[in-house]
Amino acid sequence: WAAWRSREGGEVLYHVFLEAGQVEPVSDALQNRFGKALRLAVLPVEAVVPPPEEAKPPEEKPSPERVSREELSEASEAGGVYLALVALATLVAAVGLVKGSAALVIGAMVIAPLLGPAMALALGSALGDLDLFRKAFRTLLLGVALASGLSLALGFFLPVDPSAPELAPRTRPGLEDVAVALAAGVAGALGFTTGAPAALVGVMVAVALLPPLTAAGLLSGAG
């Protein structure tokens with residue numbers, strides 16, 4: 001890593017370059033030492049000019065990069081983009097469930113941005129980080145409420161057939177559905193800790209959340 005210091009007005013500004021795996025421990029150490037007197041801005045490095053010389057490959061396989069706590073907290077923000085994606089994913093899932101189209105249901109799971117707040121909620125509860133837990137809980141609850149309310153409204157207007165091939169299985173939950181939910185949680189945890197593609201892991205998490213929510217809203221709205 002590398003660092004240098006500069007002054008801006010009456011403040012001292014430090015620039016520190018770190019490997020991805022060093023961000024969280026350094027951030028925790030600085031916050032524990034200086035508390036609220038310190039302000040951190042974690043920014044990704046897009047490019048280096050001139051490019052660094054390629055190092056010789058290590059003999060041992062390096063550990064994969066994982067998402068830091070700060071990045072996970074940012075991923076659990078309940079902003080306009082998050083709400084728009086939840087609404088769009090619910091709309092696509094509702095049409096897919098009514099039409100019996102597995103492709104549309106899968107597309108809705110790709111759109112759904114539920115992975116970030118779900119993992120932040122789990123991390124906050126595991127670490128006892130109440131601020132992260134509350135933030136993730138509010139975001140996830142807002143997404144669930146939006147998906148439920150929108151699918152309930154769509155149930156009044158769409159021709160809902162409870163025997164449709166994509167709706168009927170979701171009215172009879174069993175142990176296999178519990179196994180899917182547990183597998184989705186494990187996949188999400190592994191994805192964030194080992195650097196697996198977030199889009200693929202997000203589909204796995206959304207499969208246990210979005211289609212059941214949308215199915216329940218549609219059937220409730222249709223009476």
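Predicted model: local features only at pLDDT ≥ 70, side-chain atom pairs only at ≥ 80, totals over all residues.

Student: What is the relative orientation of α3 and α9?

Tutor: The axes of α3 (residues 80–99) and α9 (residues 210–222) come within 9 Å and cross at roughly 70°. Angles of 65 to 115 degrees count as roughly perpendicular. The two helices, α3 and α9, are therefore roughly perpendicular.

Student: How many nonpolar, polar and charged residues does the contact of α3 with α9 have?

Tutor: From α3, the residues A89, T90, A93, A94, L97 and V98 meet L210, P211, T214, A215 and L218 of α9. By class, this contact of α3 with α9 has no charged residues, two polar and nine nonpolar.

Student: Is T214 buried or exposed?

Tutor: T214 lies in helix α9. Leaving aside residues up to four places away in sequence, T214 touches T90, A93, A94, L97 and S151. Its relative accessibility is 0%, and buried means under 20%. T214 therefore counts as buried.

Student: At what angle do α3 and α6 pack?

Tutor: α6 covers residues 130–157, and its axis is 9 Å apart from that of α3. The packing angle is about 35°.

Student: What is the handedness of the crossing in which α3 passes α6, and which residues of α6 make the contact?

Tutor: α3 passes α6 in a right-handed crossing. On the α3 side, the contact is made by Y82, L83, V86, A87, T90, L91 and A94. The α6 side contributes T139, L140, L142, G143, L146, A147, L150, S151 and L154.

Conventions:
Residues numbered from 1 in each chain as written. Heavy atoms only, no water. Axes fitted to C-alpha atoms, helices over the stretch in contact; angles between N-to-C directions. Helix = DSSP H or I, 4+ residues; strand = E, 2+ residues; numbered from the N terminus. Parallel < 35°, antiparallel > 145°, perpendicular 65-115°, else oblique. Contact = heavy atoms within 4.5 Å. Nonpolar A, V, L, I, M, F, W, Y, C, P; charged D, E, K, R; others polar. Buried < 20%, exposed > 50% of the residue type's maximum accessible area, 1.4 Å probe, protein only. Left-handed = near helix turned anticlockwise from the far one by under 90°.
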